[in-house]
Amino acid sequence: MNSNTPSSSAGGPGSADATAPRRNSKRPKYSRFTQQELPACKPILTPKWVISTFLLVSFIFIPIGIVSLFASRDVVEIVHGYETECIPSGSRNDKVGFIQSDQDKTCIRTLTVPKDMSQPIYVYYQLDNFYQNHRRYVRSRSDQQLRSPENARETGSCSPEDTVGDTAIVPCGLIAWSLFNDTYHFTSNNGGQIPINKRGISWQSDRERKFGRNVYPSNFQNGTLIGGARLNESIPLSEQEDLIVWMRTAALPTFRKLYGKIEVNLRQGDVINVTLQNNYNTYSFNGRKKLVLSTTSWLGGKNDFVGIAYLTVGGLCFFLAIVFVLIYLIKPRQLGDPSYLSWNRNPGGH
Amino acid sequence: MDSNSQIEMNENSCKVPDFTLNTSSGRSISSFQSKTSGGHSIKEVGFTELGSKPVRHGSTGADSEVFSSSYREINEDDARLVYVNDPEKTNEKFEIAGNSIRTGKYSILTFLPRNLFEQFHRLAYIYFLVIAILNQLPQLAVFGRGASLLPLSFVLVVTAIKDAYEDYRRHRSDKIENNRSAWVLVNQQFQQKKWKDISVGEIVKVSGNESLPCDMVLLSTSETTGVAYIQTTNLDGESNLKTRYAKQETQMRNLEDEEKISWLIKCEKPNRNIYGFQANINIDGKQISLGPSNIILRGCELKNTDWALGVAVYAGRETKAMLNNSGAPSKRSRLETRMNREIFFLSIFLVTLCAVVSFCHGVWLRKHEDELDMMQFYRRKDYSEGEVENYEYYGWGMEILFVFLMSIIVFQIMIPISLYISMELVRVGQAYFMIRDNQMFDESSNSRFQCRSLNINEDLGQIKYVFSDKTGTLTENKMEFQCASIGGLDYSNGKAITDNEQAEYSVQAKEMVLRPKMKVKVDQELLTLSKSKNSDKGRQVHDFFVALAACNTIVPLTVETSDPAIKLIEYQGESPDEQALVYAAAAYGFMLIERTSGHIVVEIQGERQRFNVLGLHEFDSDRKRMSVILGCPDKTVKVFVKGADTSMLSVINKSLNLNMVKSTEAHLHSYSSKGLRTLLIGNRELNTSEFGQWQSSYELASTALMGRVALLRKVANNIEKNINLLGASGIEDKLQQGVPEAIFSLRTAGIKVWILTGDKQETAISIGYSSKLLTNTMSQIVINNNSKDSCRKSLEDALVLCKKLSTDSDGEASQLALIIDGASLVYILDTELEEQLFVLSSKCSVVLCCRVAPLQKAGIVALIKNRTDDMTLAIGDGANDVSMIQRADVGIGISGQEGRQAVMASDFAMGQFRFLVPLLFVHGHWNYQRMSYMILYNFYRNAVFVLILFWYVLFTSFTLTTAITDWSSVLYSVIYTAIPTVIVGVLDKDLSRTTLLKYPQLYGAGQRQESYNGKLFCVTIMDTLWQSIAAFTVPLLAYWGSNVDTSSLGDLWTLAVVIMVNIHLAMDVTRWYWITHAAIWGSTIATFLCVMVIDTLPTLPGHWAFFHIASTKLFWVCLLGITVGALVPRFVVKCFVQYYRPNDIQVAREAEKFGNLRDSQDEPQGMNPIFYPPRR
């Protein structure tokens, strides 16, 4: 409209001022930036774009979904819960009493391999209903103390497992105190040992930088209440891999922790005898314990969710692409047609 | 009109002493109005045809005396005693400020406490602080100390640095100002002193073109008459010169010679009324009164005067300039008000979330009551000491309370505090672009657009009503003499004079040619008549032009030109109408050449004649006329009067020549229906006794100490009667460039334009036609009544008529225009009739209010504002518009001819009315769209993050563990996602300027609140819920029962939500600049970097987690899945709505891209046929 015409002083009286030399015009310097006229890309969702976007998504998602589903199906997993089975039938009424007693807790279970499993086979223990992400729990640790012997007394955040008497507990805190202490030994049916490699089960970064090479456990599990495993005081923390794994607290209340790796292949139908020490008290809070043997795929463990989700989204997008094609065919609208402007539309027929 | 800086009150107004309307007394206006609104406090209705702004000079100040001092003479308590040239004595008894000024707010010592105090005035910061303090309690420590204080301290530090810088600049300018030097009389000679050392009572000498260091009473000047010219540009923006006088008694004395000056000035306490001053001076026992014409104010410049001597009466912060130094008004935008409502919903939502968490926690605790002591991850009992005690367990109830408080800390950003900061940044950016807009730069006044209030940018996009002043706003306020009616004959065939002819009315003087600076159209017949002196007609013409040349307060100044032989004569005065009249007189050969306080010299047809000015009754808005008593060269004494027709007709002696009066009235009517401003001019010869009587009472009145103004008015009323009518003049006030087009666009956009003017009804209507506000197809409803009952009747009739018209004509209802005058409004506003007026006016498409007083203007704005939700905008240029500007939702000041009062009170200021179009349609639209989107997006952005935290909490036995690290939660709204919203909020444009200007209807989006409303808020929250669920559950299910650790999963969530939020924004950006790309993708990359940096710290539990999880393929698969899965519903809905239910903006955007509009729709611009029926 009028705004494009440069403003000028109107003629007539007063125009004499305009002839006076304009000393310092305050006219803003012109630049495309200040006038908000920078070059710009103005994408608009045209039917072409919309349909191709949906098709593109479905073409990416469906293959990924299929591949993930296959990967998940390829994973062979043996899950064996033993928290009830490993209590002598006489003590099953008082599981907590049993687990706290000094009785022998050895328990032998047998597992059958459902399918061929190629090495490495990962051995996990799985805990259900164990809130390793509980606020009281996650805070009860001292990362300073773990790193260097000078910080042994940095136990401020560790209570109630901070000190015994006046000496600091290393490693302090509830997490370390509750270290999982069931143990597993595998023998094959023919009596041969299946060795479990417990080296390299923790993160290298943790071994190198988080847990000190010269920090040794001391005072550990010396209190009245024993929470879990004891540590060999002659081995530095950086080599206590079970502890390192345990102290990477799990994100969810159902979690697995790596126990070790079996580096031999297992055949379908193999029977494995597991000799386990059922030491860990999950009975006081109805937690469950499972032993898991699993192979891995490129996507990790056995989990169909990713595959299904990808297939769903991909399928949905394909469906939507078709829907939009139909919409554009059945009820086309010319883009930018001014008759769609509200003031051009028939006032009655909104 | 449009000029009176004073609001006239009736008698009861003296209850409020010192009430003046100026830049910062907006509050008092409203309070005042409510106080006096019951009666007809607004005595002044039609504001003066005289159009002069005489109120600006003496009489204004004098007016204020009416209620400031005349009833309450300066008594000892209220007075300031200034002993001239004796600063010690002056200062000893009173606490008088020195002349150093301090506009800086802080000193180095007070900076920290004061600045913090000021910052914490904002509710948002208090919220921040309370949360941070809560977090410091050991039981509630959710975040690390550092992390919890970071956001607050970041904001505080940034604001403090900004404040400190601003203050530093103020200090620096203070220092420069304080260290300027002036000549001060010390021990009988003038010495240089720094400004800051000047104290009250000292005598200061100021040379020409210097600015004045403090408020001073003028003692003497280089002119023998004691006149001094000052320019008040810095004070009120008026560039014309004003005259100030030294009293003859002081002018005569040579102060340097006098050993001891024992004069005493008794003056008012410092106040901010720049047009008023009341004092008297005691010179050697003789009392002389001082008025506003005797004082010169700090900030003004001395012009055309070699030097002036004055005694400082107010210094430093007590000067009127400093007292008037007030900040911009603070308003809150509609959008922000709405936003606060939504924030209230969000708070409820937040509390609900917290309640859910604490409730579930309570249940969980109950359920596991027996197990808590031993449970490895709870361990209620501490066995390490001898005694077994509870460890960090305070009982069931307390635990629930703690969890509740902790959840507030964790979910705190549900209330988007960062939004307030982002909004401020965005507004600064928007203001930057508005100020820099070339199309809102006014060449003629060399002024840019000004944003004085930073809080209401987005209101500009929602305006429904525009209230406009007329003079100076729609018109240029540059008056042009058009025609005259003299002796009952109309002379209106003026045509512009060429340069050759111009010589005819230039004047030979001392080998120099004097020529008026401005050319005026001249009627040849009248020109010939004006030269013949002897005919009866000629005498009348002569008297008429003498009156034009003499009856004013214009000061002639000579200006050098390139040709040394020719000098231009320039008439400086405060009223453009008077200027126009004097130029006209000059064009007809009656050239005003010299004016002092005692006489004037007029060159009449080449003959220089001297008139003694025996007395001058200045214009006041009560009488609405001014008069001057001249001793003419022929030894007669005559009174010349000019004034508004209504006031003049009552004093004219009609018996003398009834026919002439009648025909003049007819001419007046035709002039005003042409849109001209009319004045009547008359004179009367005074006989000796009359003159003597007048003289004695005049002298008595003008030296009176009590009620001077009232007395003078009475004297004036006595002399201004039985006036012999000479004629009338018609002055044109030209419409500003582009006004009709602008009004047309505004109305096309569905904005109701109301014109509120002090002009007469005829003038207003004719302006209405010429500005295309009124068209011939409209039916006009005119209401001008003088009693309440007749008002009620007219309103009822009008409503009936309305109904009839709307039922009669089907489809194309004919439009209604309501014209109502101030006199009727007196009976309508603030009474029960208001409601009827509102109903009526809402049915009319055009409303013209004429002869309205300033307070009525505000009342009309309030009429609409109080009854509708529609946004109102008031635009005006004069002091009389201040109340309306402050009352409206958005106030715009035109920085034009009439000083800066309107600008000072406004939220935005600009040079021309037509800039309203780009301001509203382009910037207003953009601001609104940008701000609404930004608010909704910020709600979404923070809520989605909080919800992800919340879902996770449900899997931690409700103990508020966060998988996302403290630092990431804190940085989320500060670094990860802050910059893109601000950039998009400042830069994104939904439509181009050209499109917006071409289709004013697009403005309707803002009026209909299409971009921010409850529905959109709900949709956004639903979308937020879905997105948070998608972002949370994909990793949850993908990693369920795996050996993933908290930190790794937390990193996944952090990155997922940031990417999701940024792509969400990217989907909604309509224009991609490189800056937008940089901001959105840059901040995504920055997030990755930050997460990496956080994870390299070995002291944090999450050490190296990112690198571990990022090396697995599942991580990337999840990230992709989350982003797509979360955004698909939004994308689908967006596509669907854009295709099936396109709004105007969408269609226009497509058209812009594919160019259909330009080709297919060049016919009447797709204009609304309802609003604009074809006129042919």
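Residues 308-330 of chain A are 100% helix and 0% strand, with end C-alpha atoms 32 Å apart; helices here are DSSP runs of H or I with at least four residues, strands are runs of E with at least two, and both are numbered from the N terminus. The model is predicted, so local features need pLDDT of at least 70 and side-chain atom pairs count only at pLDDT 80 or more, while totals for chains, interfaces and linings use all residues. Residues are numbered from 1 along each chain as its sequence is written, chains are lettered from A and ligands numbered from 1 in the order in which they are written, and side-chain values use heavy atoms, leaving out hydrogens and water.

UniProt lists residues 49-71 and 308-330 of chain A as "transmembrane region" in an unreviewed entry; its positions are given in the numbering used here, feature names are shortened, and annotations may be inferred rather than shown by experiment. The span 49-71 of chain A is likewise 100% helix and 0% strand, and its end C-alpha atoms are 33 Å apart. In chain B, the unreviewed UniProt entry places "domain: P-type ATPase C-terminal" at residues 903-1143. That span of chain B is 73% helix and 1% strand, with 37 Å between its end C-alpha atoms.

Turning to the interface, 115 residues of chain A and 129 residues of chain B take part in the contact (heavy atoms within 4.5 Å). The two chains bury about 11,100 Å² between them, 58% of it on carbon and sulfur atoms; buried area is the accessible area, with a 1.4 Å probe, that two parts lose on being put together, summed over both. On the chain A side, A:Gln36, A:Arg136 and A:Trp343 lose the most area to chain B, together 8% of what that side buries.

Between chain A and chain B there are 40 residue pairs in polar contact, both residues being at pLDDT 80 or more. Such a contact is a pair of N or O atoms within 3.5 Å; within protein, one must be able to donate a hydrogen and the other to accept it, and residues adjacent in sequence count only if both atoms are side-chain atoms. The elements of chain A that each supply at least two residues to the side touching chain B include α2 (47-74), β9 (255-262) and α9 (305-330). The largest share, 10 residues, comes from α9(A). By residue class, the side of chain A that touches chain B divides into 56 nonpolar, 37 polar and 22 charged.

The chains are also joined by 4 salt bridges (a side-chain nitrogen of Lys or Arg within 4 Å of a carboxyl oxygen of Asp or Glu). One salt bridge pairs B:Glu1150 with A:Arg333, whose closest N and O atoms are 2.9 Å apart.

Some backbone details are worth a look too. A cis peptide bond with omega of about -5 degrees joins A:Gln119 and A:Pro120, and A:Pro120 sits in the loop between β2 (106-112) and β3 (121-128) of chain A. The bond from A:Val170 to A:Pro171 is also cis, with omega near -15 degrees; A:Pro171 belongs to the loop between β5 (167-168) and α6 of chain A. A:Asn286, which is not a glycine, has a positive phi near 60 degrees and lies in the loop between β10 (271-277) and β11 (288-294) of chain A.

How values were computed:
Nonpolar A, V, L, I, M, F, W, Y, C, P; charged D, E, K, R; others polar.
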